[in-house]
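Me: I have a model open and want to learn how to read it. Please take me through a pocket and a couple of side chains.

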Amino acid sequence: MKFKKIGTKMLALILPVVIVSMLLLTLISSSSSKTIIYQQIASRMQAELSAQSGVMGEELHTVAAMAQSISRVIGTTYRTTSMDTYEVMLGELIKDNDMVLGSGLWFEPYAYSASDEYMGPYVYKDGDSIVTTYDYSNAEYDYFNQEYYTQAKASEEPVFTDPYYDETSDTIMSSCSMPIIVDGSFIGCVTVDIELTSIEEAVNNIKVGEAGRGMLLTSSGVYIGGVDDKKIQNAVVITEDEQEPALAKAGQEILEKESGMVSYEGSQGAVNLYYARVAATDWILIISMPQSELHAPIVSLAVKLIVLCIIALAIVALVIILSIRSIATEIGRVKVFAGSLAEGDFTVQPLKVASQDELGVMGNSLNEMYGSNKDVISNIAEHAIEIGDASTKLRGAATELADNFAEIKKHIEEVNGAMMTTSAATEEVNASTEEVLSNVNLLTEETQSSTEMALEIRERASEVGTNSQQAFESANALAKEFEERLYQSIENAKVVASIGEMANVISEIADQINLLSLNASIEAARAGEAGRGFAIVATEIGTLAGNTAEAVGEIQNTISQVQQAFNGLTKDAQGMLEFLVNDVTPDYNNFVEVAKQYGKDAESIEQSAESISMMSDSIKQIMQEVTDAIQSIAEATQETTMISGDIAEKVILVADHVDNVSTMAEEEDAIARDLTDVVGRFRLESASSTEESEDKQ
């Protein structure tokens, strides 16, 4: 859409933006206010819940502390204290506490008395009297399976049972049970029964705002306070509340979390439920708040914001109209001034600027432009002729520069050719140097191999010397040992000679026996028939003596052969011993000396190889330095060649520019003439001023 007036255009553009901004501001303010209000209410609700939970927790903590005290006393004294004393103690404790209805002691079977399976006295208030009963201490009641007993047995801290409605007393009750632990063993528990009338009244008295109310549930969701009495008496669970299905659904979330806020749509509209748990019992305290009460301040704030936006829009429109009129007047003056300048009339007066806003800045800028352009045009008119003369001189200088640059180009091309020749020679030297360096590297590797071989030779020489020394020592030891054994064998061989002598003795004895046998035979023959048996014996003895003589002869022959063989063996052993001592041992000794000399030669070879390696490294380092120097020269030559080429290109380019300058000088001369014609079209002075200047001339 095209607008003929700037005022209409600005109103059409600015007002919609302002309106949208106001609407967005209203929405953001309402949303922020809603968030802030909800946060403040949530904080207030949590503070109220914390306060009420603290009050309830304090009362319940007192009861728990009472149960703990009784448990500690019983645990340390039950073996020496009578039950009557405990009954009096319980009566004194419950008498001064309005919240406590009664207290009981419940022992494990035969724990208190070896003859009593059930031992459970219960002390309670009956009006102004304190009464003790044992009606629950029997198998019919079986307190071992009661909730308070099983909970205490499974815990080490005070435990509260879920509240329940007692029809007889028309009160809501709960039991706090505390285990009695002795030497790590459970022997029973203490119970303290309390009425929750004061807690129920505290819940019913909770009031936040106009319609905020309190509600109390057990940990399992059973109503305790803050609702219809019938729900409390019937132990209705919040999740099973048939009268409020939406509340029952919200109750599921409440039972799953420790604290927070949940909303539901009730019969009287949307309601927010703020909930938290009582620390001592895990009961749930709830504060309900209708959302209509929460939204009331938000709606009021939104209405006020809308009214303020309408007033602000009217004021903005008025301010825009007045501002546009002032701006239009200033723009009109600028328009007339700019039109005169566009026509080339520089005789008009500069604008009078009074404001310091954008229009004032624009007026000052136009005045500066007016003065600057007027001065520029005057200078152009004065120096147009000078520009023409300078163009002529510039053209002549450009021609002379072109000739000089042509000569410079020729010399640079000659330098470039010489550099290329030097670069080629440098590359050849570099290649030769690299070949020498390669050969030095091979020499270094061979020297390294020689060093390693020398090390191996020295190690082997050392090993041979060691083995030879060990063999030499073994040969010496063996020679000594063999010599000792030989001497011992010679000594042992003397036994053979003894055996020969013994054989001679036996031979002589055999001769005598044979002689005796002969004499006996003679005497037996003389005796006749009486000596016949003795003759047979004498004959046998003679035969035995003959056999003995023959055996002794064979023994003597064998001994003679043994002596001959042993003499030959002794002679051979002595020859071997002399060979081992005189020949083998010196050879081993010479071999050890050769091995030592072999090791020394290996060390000399190693030292020579190391010297050659060091010289090779030095040559390699020097050749590397030469290679680096040649490479640097080659790079410098190549770089110089490139620079020469670049200079030649730059010379050609500058020569081209000089030609262009010559052409531009001719064009500038033509432009100077055109400038003179153009400047003549501007009026820099009025007609009267022109006439006065002519009269002066």
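Me: How much space lies in the second largest pocket?

Reply: Start with the general idea. Rolling a probe the size of a water molecule over the atoms shows where empty space is left. On a 1 Å grid over the protein atoms alone, a pocket is an open set of points where a 1.4 Å probe fits, with protein on both sides within 12 Å along at least five of seven lines. Grid points are joined across faces, edges and corners, and the volume is the space filled by probe spheres set on the points. Here, the second largest pocket holds about 500 Å³.

Me: What should I know about the model before going on?

Reply: It is a predicted model: local features need pLDDT of at least 70, side-chain atom pairs count only at pLDDT 80 or more, and totals for chains, interfaces and linings use all residues. Residues are numbered from 1 along each chain as its sequence is written, and side-chain values use heavy atoms, with hydrogens and water left out.

Me: Which residues lie nearest the centre of the second largest pocket?

Reply: Lining residues have an atom within 4 Å of a point. This pocket has 24 of them, and Met 215, Glu 244, Tyr 264, Gln 268 and Ser 288 lie nearest its centre. Two or more lining residues come from each of β9 (212–217), β11 (260–266), β12 (269–277) and β13 (284–290). Strands are DSSP runs of E, at least two residues, numbered from the N terminus. β12 gives the most, with four residues.

Me: Is Arg 277 buried or exposed?

Reply: Buried means under 20% relative accessible area, exposed over 50%, partly exposed in between (1.4 Å probe, protein chains only). Arg 277 is in strand β12. Its relative accessible area is 15%, so Arg 277 counts as buried.

Me: Which backbone oxygen does the side chain of Arg 277 reach at 2.9 Å?

Reply: Look for polar contacts: N or O atoms within 3.5 Å, where within protein one must be able to donate a hydrogen and the other to accept it, and residues adjacent in sequence count only if both atoms are side-chain atoms. The Arg 277 side chain reaches the backbone oxygen of Leu 255 at 2.9 Å. The backbone oxygen of Lys 257 lies 3.2 Å from a polar atom of that side chain.

Me: Where is Asn 97, and what does it contact?

Reply: Asn 97 sits in the loop between α2 (83–95) and β1 (100–107). Asn 97 is buried too, because its relative accessible area is 16%. A polar atom of its side chain lies 3.0 Å from the backbone nitrogen of Met 99. Contact means heavy atoms within 4.5 Å. Leaving aside neighbours within four places in sequence, Asn 97 contacts Thr 62, Met 66 and Lys 125.
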